[in-house]
Amino acid sequence: MNPYILTTLLLSLGLGTTLTFMSSHWLLAWMGLEINTLAIIPLMAQHHHPRAIEATTKYFLAQATAAATLMFASVTNAWLEGQWDISQMSHPLPTTAITVALALKIGLAPLHSWLPEVLQGLNLSTGLLMSTWQKLAPFALLLQMQPANPNLLIFLGLTSTLIGGWGGLNQTQLRKILAYSSIAHLGWMILVLQFSPSLTFLALITYFIMTAATFLTFKLNNSTNINSLTLSWTKTPALTSMIPLMLLSLGGLPPLTGFMPKWMIILELSKQGLAVTATLAALSALLSLYFYLRITYAAALTMSPNTTMGTTPWRMHSTQTTLPLAMTSVMAMCLLPLTPGIMAILTL
């Protein structure tokens, strides 16, 4: 892609997200979401592959449906309440409709079916944008709204954690596994959204760090399925030794960074008298941990066949920038001891 066009599209992505961040009016927030969607569509379709075109079409239809629902609900709210302010939502009908529309935009279950298929049709760089940056604007709106229907949020959160764990069990494609991982992590964030927005923000940032480290690792190894990870030990042995730590951090095992948000979310849910919800969410994390362990086994404990049909690849020097990978992988593994300081900053 032409670098000038790429720069324009990336700046448009930033503009759309920033516009949504800064808006207190539903019409401006909707405009920001639409700029965001229209800016990423050329990035998704840039390779002109049939699967990429199919993924782009599915994404456009899902986002158009969510945007239409959001606009209809905000107009209904203006008709019923006489105001367009995001933080002053009080009527249950438009509040529920907007919550469902935003859930469709970020891929929460049971409105998640488009996300694994779309992510599977993208390359790893665009998939990283889809899994991280595109979640920011809808989450900003959810944080501003403070929805008046707590049961809906708990339903969306629990359904997402269960489907995100269950759906990834039978997958062999890494992008689909990361899509179900995204659904499960988003469910954890939605569960605690109404009780502690700062904790939701912490979980979101931690998820971004761990997902970026995982995507960049797969991109460096040029791996798109579990079987191709068996070649990673001969290509990048040092990086392959860190893959299990990054994946187990995504699974939420101590003493890695991913344990921090899950533990604090369980504590918060228990304080709010939702012990059964916290137990179900913790059990669903075991499902996710299983497919992370599958990837770990393929990457670190399986050697590629050294035969004439499967020879060891040459260890060519990579031309990719590895500084973002180094920073995100270290943070994905080592931020747990800084939990008190991070929480103190978030609660300022």
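In the predicted model, helix H10 is largely enclosed by the rest of the structure, because 19 of its 25 residues are buried. From its first C-alpha to its last, H10 reaches 36 Å, close to the 36 Å expected at 1.5 Å a residue. The helix is followed by asparagine 222, which has a positive phi, near 55°.

The largest nonpolar core comprises 49 residues, and Tyr59, Val118, Met130 and Ile295 have the most contacts inside it. H10, spanning residues 197-221, gives the most to this core, contributing seven residues. The core lies between domain 1 (1-124) and domain 2 (149-304 + 322-347), since both domains give residues to it. When residues up to four places away in sequence are not counted, isoleucine 295 touches Leu174, Ile177, Phe218, Ile226, Leu229 and Leu247. Another core, of 46 residues, lies apart from the largest one; Leu158, Leu193, Ile265 and Leu269 are among its members.

Record annotations were also compared with the model. An unreviewed UniProt entry places the feature "transmembrane region" at residues 57-80, 152-170, 177-195, 201-218, 239-260, 272-293 and 325-346. Residues 201-218 are 100% helix and 0% strand in the model, with end C-alpha atoms 26 Å apart. The span 272-293 is 86% helix and 0% strand, and its end C-alpha atoms lie 32 Å apart.

Notes
Residues are numbered from 1 along each chain as its sequence is written. This is a predicted model: local features need pLDDT of at least 70, side-chain atom pairs count only at pLDDT 80 or more; totals for chains, interfaces and linings use all residues. Side-chain values use heavy atoms; hydrogens and water are left out. A nonpolar core is a set of buried Ala, Val, Leu, Ile, Met, Phe, Trp, Tyr and Cys residues joined through side-chain atoms within 4.5 Å. Buried means under 20% relative accessible area, exposed over 50%, partly exposed in between (1.4 Å probe, protein chains only). Helices (H or I, at least four residues) and strands (E, at least two) are DSSP runs, numbered from the N terminus. Domain bounds come from an automatic or database domain assignment. Contact means heavy atoms within 4.5 Å. The expected span of a helix is 1.5 Å times one less than its number of residues. UniProt positions are given in the numbering used here, feature names are shortened, and annotations may be inferred rather than shown by experiment.
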